[in-house]
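Open the model in your viewer and keep the selection tool ready. Each stop below says what to select and what is there.

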Amino acid sequence: MIATVDLRDPDPAAVDAGLQEAGFLLVTGHGVDAALRAELRAAARRFFALPASVKQAYAVGVGGRGWLPPGVEANGAVEGPGSDGQEHPPDLKESFAIGPDTTTGDRDVDAVWFPPNVWPAEVPELHEVATRYLAEMTAVSGRLLELCGTALGVAPLTTTTPTWTFNINRYPPLTEVGEPAPGQFRIGPHTDFGTVTVLDREPGAGGLQVHSDAGGWEDAPYDPDALTVNVGDLLAHWTGMRWRSGRHRVLPPQPGSPHEELISLVFFFELDHDALVTPLAPPIGRRADLEPVVSAPFLRERLDAISVG
């Protein structure tokens with residue numbers, strides 16, 4: 001269901017086929033050092049291990065920079081109420097969010113899309129290692145957008161001051177959160193909002209699942225040397241819905257693994273805030289009825305939908 005693509009010698013046809021079927025790829029040959037990924041996880045774990053009273057000084061809501069406490073986000077809400085008509089419970093996770101510091105000079109734009117990052121004084125090494133990791137992620141994302149253009153035979157989407165977001169997600173163990181509520185997940189079913197999401201994840205019993213029309217929900221394949229990449233809503237819109245915005249979820253902690261704690265490094269690449277995205281027309285695109293959209297309001301609507309309270 002999910003193709004593996006080597007960035008050193010990618011097969012554009014495999015990229016196109018894989019993103020049509022599931023909206024996901026496993027990407028090898030990306031050049032991001034495993035030691036750097038491990039170093040960042042270790043720093044993040046030191047932050048998450050701090051008392052909640054300490055982390056509260058860095059607390060923000062969805063779309064902010066800093067600590068997103070448990071209970072502030074429900075990703076499944078972007079799909080509307082559940083089949084029983086009930087609102088989706090909050091996701092069973094906490095996060096630390098980071099964004100770019102390439103401000104535009106427009107005070108109103110910068111306040112929303114380029115606010116200052118918040119770095120915890122208690123874990124000073126987080127700033128340095130995250131900065132190195134994010135330089136790698138920005139480079140990989142640019143290569144992926146180029147590959148997307150090659151796979152479709154068109155010029156790729158380009159960026160100058162992209163509004164990317166980086167979330168370090170901690171999925172606490174069952175022993176900490178207790179039995180999940182009905183319909184509650186570590187992250188509820190949803191699609192991402194931007195262009196490409198580049199994920200470095202840990203495997204687990206309560207891990208990532210991907211949805212396809214052919215197979216329904218299936219555990220995502222895992223390769224410790226690969227990054228998991230999926231298409232977001234904005235990129236799917238650009239392709240005229242030729243490519244699928246990859247629907248996925250993260251299972252709740254499982255009774256058979258009550259002590260499982262996972263850390264995911266999630267880089268959402270999102271274009272410039274004022275980028276106009278015009279859907280590709282048929283025969284590349286699948287639909288001719290889609291209107292151009294501007295990146296910032298397109299993303300903002302979706303971010304607001306997943307905020308709790």
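**Stop one: the core**

Select Leu40, Phe166 and Ile168: of the 67 residues in the largest nonpolar core, these three touch the most other members. A nonpolar core is a set of buried Ala, Val, Leu, Ile, Met, Phe, Trp, Tyr and Cys residues joined through side-chain atoms within 4.5 Å. Buried means under 20% relative accessible area, exposed over 50%, and partly exposed in between (1.4 Å probe, protein chains only). Helices (H or I, at least four residues) and strands (E, at least two) are DSSP runs, numbered from the N terminus.

This is a predicted model: local features need pLDDT of at least 70, side-chain atom pairs count only at pLDDT 80 or more, and totals for chains, interfaces and linings use all residues. Residues are numbered from 1 along each chain as its sequence is written, and side-chain values use heavy atoms, with hydrogens and water left out.

Zoom in on isoleucine 168. Which residues does it touch? Leaving aside residues up to four places away in sequence, they are Leu40, Ala44, Phe48, Glu94, Ser95, Phe96, Leu126, Ile263, Ser264 and Leu265. Contact means heavy atoms within 4.5 Å. Next, pick Phe24, Ile187, Val210 and Ala220, which are among the 15 residues of a second, separate core.

**Stop two: a helix pair**

Show α2 (residues 34-48) with α5: their axes come within 9 Å and cross at roughly 140°. Axes are lines fitted to C-alpha atoms, for helices over the stretch in contact, and angles run from 0 to 180 degrees between N-to-C directions. The two helices, α2 and α5, are therefore oblique to each other. Angles under 35 degrees count as roughly parallel, over 145 as roughly antiparallel, 65 to 115 as roughly perpendicular and the rest as oblique.

Select the contact itself. Residues of α2, including Leu36, Leu40 and Ala44, meet residues of α5, including Leu126, Val129 and Tyr133.

Most residues other than glycine have a negative phi, and most peptide bonds are trans. Go to proline 283, in the loop between β13 (276-277) and β14 (293-294). The peptide bond from proline 282 to proline 283 is cis, with omega near 15°.

Leucine 271 sits in the loop between β12 (262-269) and β13. Its phi is positive, near 70°. Is leucine 271 buried or exposed? At 1% relative accessibility, leucine 271 counts as buried.
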